[in-house]
Amino acid sequence: MSIFADSNTRLLVQGITGREGNFHTRAMIDYGTHVVGGVTPGKGGQTELGAPVFDTVREARAATGANATIIFVPPPFAADAILEALDAEIPLIVAITEGVPTLDMVRVFEVLKQTRSRLVGPNCPGIITPGQAKVGIMPGHIFKPGPVGMVSRSGTLTYEIAKDFSDRGLGQSTVVGIGGDPIIGTSFLDALKAFNADPATELVVLAGEIGGSDEETAAEYIKASMTKPVIGFISGRTAPPGKRMGHAGAIVSGNKGTAKAKVEALEAAGVPVANTTDEIGDLAEKKLKRPAKV
Amino acid sequence: MKIHEYQAKQVLAKFGVPVPEGRVATSPDQVKSIAEEFRNGPVVVKAQVHVGGRGKAGGIKLAKSPAEAEEAAKQILGMSLKGLVVRKVLVESGLAIDREYYLGMILDRDSKRIVVMVSSEGGVDIEEVAAVSPEKIAKITINPTLGLADYQIRYLCFAGGIDKSLVKEVAKFLKALYRAFLESDASLAEINPLVVTKEGRLIAADAKINIDDNALFRQPDLAAWQESEEDNPIEEEARKRGLTYVSLDGDIGIIGNGAGLVMTSLDVVAREGGKPANFLDIGGGAKAEVVRNALEVVLLKPDVKGVVINIFGGITRCDEVAKGIIEAARTLQVEVPVVVRLEGTSVEEGKRILAESGLNLVPAATMREAARRIVELSYAA
């Protein structure tokens, strides 16, 4: 088991003929993901990396039975691409694109919440269920199958944590990068609920960062309903207020969204919060009662 | 992106919002002649810098005559407000204020909508009102499909304590503010205060608009207002070179790939006792040239005592990073210690390139080790 993506995932790639889309489609196929088709308006009928290309998502879904799509469309057109996928009722939509205007996402979210689809991102590395499917841009080889669920707002930080876990022999059920933008489709809360219900997940790592209050909301849920241990990590402890730290969403506004408030909320929910990335693995080993690395 | 008050007022005026008669000046002489043009009546001289709390900090002064205005300008121009030097002032004709209201819209992450706030307690920082008497702020969210509905406006005005006789007038301001918000791709738009004059007229006495950085590509007119001279010159240089750089107060330069990893690198360096000088994200898939640029930019800060480079190669290849470090180190004659931690794609090749370079680069196996080493080496002397 796993969450959101697995060996049954039949994936479309919106923007398959673009540079980024093409590069990562190849990597996803190499990983073993079933890429069943691509969408590039005007290039329908072509074949790309062995997959048929369609002009519209609707057509692609009808012809391939796709149940997921990944979006590599440039920022000005990304919201429209998400709306097209929602209209075609694709159950899982992963938006990689960085730099989507926030008001576009406000409109997308209003439509999203009236559908049954799940949107992950935008501005995210995607999802990987090790050994089954990679719907994203992460380097596949650092992930190993196992019992740890991971959810994070960041890409490379997740790779750092996941590789350390894999090196310790702690594999992952599914790793979800939810994205660093202020408005995203899947929150920490959504991912935690899914991990809570997933029999293959024994422990969850939540790697948050400054900005917003998603981590605080997640902490409330953990306190009330989470049946599995959670290990927390918050980056941006040294970030001064009012400075945007790379991610569009990573900003402390006044006294809102501070690392301190997030750490306190998690600790109050009984979640141990690591100070450094390698401490996350130490805490996980303790919780899972696995012998520490010798 | 922040824009100045006078620019925000230009935007609002375009949508039909009445604003005070005003002109921008850069010298006390200009301020004096503007005040004379304004019928020699009272004027307000307002510092135009991208910070809040200008009034309390002495950046806004009332003047009863052109001579007083000139004097006020002498004090304000060149003064430093929260680290930013005032180079421009807005001179406006004074208003006979009866009451002050607050109208604001902000992109709200929790509701994932625009939140509208109205309060009869204008003229002060709305966060203070929210902290002391939250019941004095009326709040709603806008369904983006439906827009701002009339009943919502009525609710905001009645619950926000707006005088019943002024509701129709305030409604016009809210509608215009919403249109301005959408069409400017704002992330925040405020009229504070919305002044009710003694003559019973409504006018936007102060305005603030922030623009969503992600939308600047489709807001060329607003993007042209991006100012360099006021910002940190190193941040400006980094922007020109396409790097995400944030200047901080410390003395250890930090370079990494991916916002989360860089933020964590800052935290770990701080935890080991170092003071980060900057945040610098080289992004994904960076080639040698990007890395060289990054190192150059970080070293522009004169008091940098050491640099730590922390790379986790996914799309980014460690051998490319290594090449960039070497190119930069050779051309720049780096005199401070540089600790390099490489992990991930092509890491062996990257480490080999660094080791064979003959340059004084200190390798580290983990982020924590890199942080510990750079702190030791930077503060050794």
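This note sets out numbered points on a predicted model with chains A and B.

1. Basis of the model. Residues are numbered from 1 along each chain as its sequence is written, and chains are lettered from A and ligands numbered from 1 in the order in which they are written. Because the model is predicted, local features need pLDDT of at least 70 and side-chain atom pairs count only at pLDDT 80 or more, while totals for chains, interfaces and linings use all residues.

2. Confidence. The model scores ipTM 0.92 and pTM 0.94. Chain B has an average pLDDT of 92, and 99% of the residues score at least 70; pLDDT is the predictor's confidence in each residue, from 0 to 100.

3. Overall form of chain A. Chain A contains nine helices and 14 strands (DSSP runs numbered from the N terminus: helices are H or I of at least four residues, strands E of at least two). Its radius of gyration is 19 Å, close to the 19 Å that the globule rule gives for 294 residues, so chain A is as compact as a globular protein of that length. The radius is taken over C-alpha atoms, and the rule is 2.2 Å times the number of residues to the power 0.38. The C-alpha atoms fill a box of roughly 55 × 45 × 30 Å along the principal axes.

4. Burial in chain A. Of the 294 residues, 58% count as buried. Here a residue is buried if 20 or more other C-beta atoms, placed from the backbone, lie within 10 Å of its own, exposed if 12 or fewer, and partly exposed in between.

5. The sheet of chain A. Seven strands form an open sheet with mixed pairing, in the order S9-S8-S11-S10-S12-S13-S14; strands pair if DSSP finds at least two bridges between them. S9 and S14 (273–274) stand at the edges with a single partner strand each, so one side of each is left without a neighbour in the sheet. S10 (residues 145–152) and S12 (residues 203–209) run parallel and are joined by five bridges, with Val151(A) opposite Leu206(A).

6. Strand S8 of chain A. S8(A) pairs in the antiparallel sense with S9 (residues 133–136) over four bridges and with S11 (residues 172–177) over three bridges. Ile128(A) stands opposite Lys134(A) in S9(A), and Gly126(A) opposite Gly177(A) in S11(A). Gly126(A) and Ile128(A) point one way from the strand, Ile127(A) and Thr129(A) the other way, and all are buried. Three residues lie between the strands of the S8–S9 hairpin, where Gly131(A) takes a positive phi near 80°.

7. The interface. Contacts (C-beta atoms, placed from the backbone, within 7 Å) link 46 residues of chain B with 44 residues of chain A. Helix H9 (259–271) of chain B is among the elements that give two or more residues to its side, and H9(B) supplies the largest share, 11 residues. The residues on this side divide into 20 nonpolar, 13 polar and 13 charged.

8. Nonpolar cores. A core is a set of buried Ala, Val, Leu, Ile, Met, Phe, Trp, Tyr and Cys residues joined through C-beta atoms within 7 Å. In the largest, of 192 residues, Ile71(A), Ile82(A), Leu177(B) and Leu280(B) touch the most other members. Helix H6 (residues 167–183) of chain B gives the largest share, eight residues. Leaving aside neighbours within four places in sequence, Leu280(B) is in contact with residues including Leu243(B), Ile254(B), Val262(B) and Val298(B). A second, separate core of 20 residues includes Ala25(B), Ile34(B), Val86(B) and Val89(B).

Definitions and conventions
Contact = placed C-beta atoms within 7 Å. Nonpolar A, V, L, I, M, F, W, Y, C, P; charged D, E, K, R; others polar.
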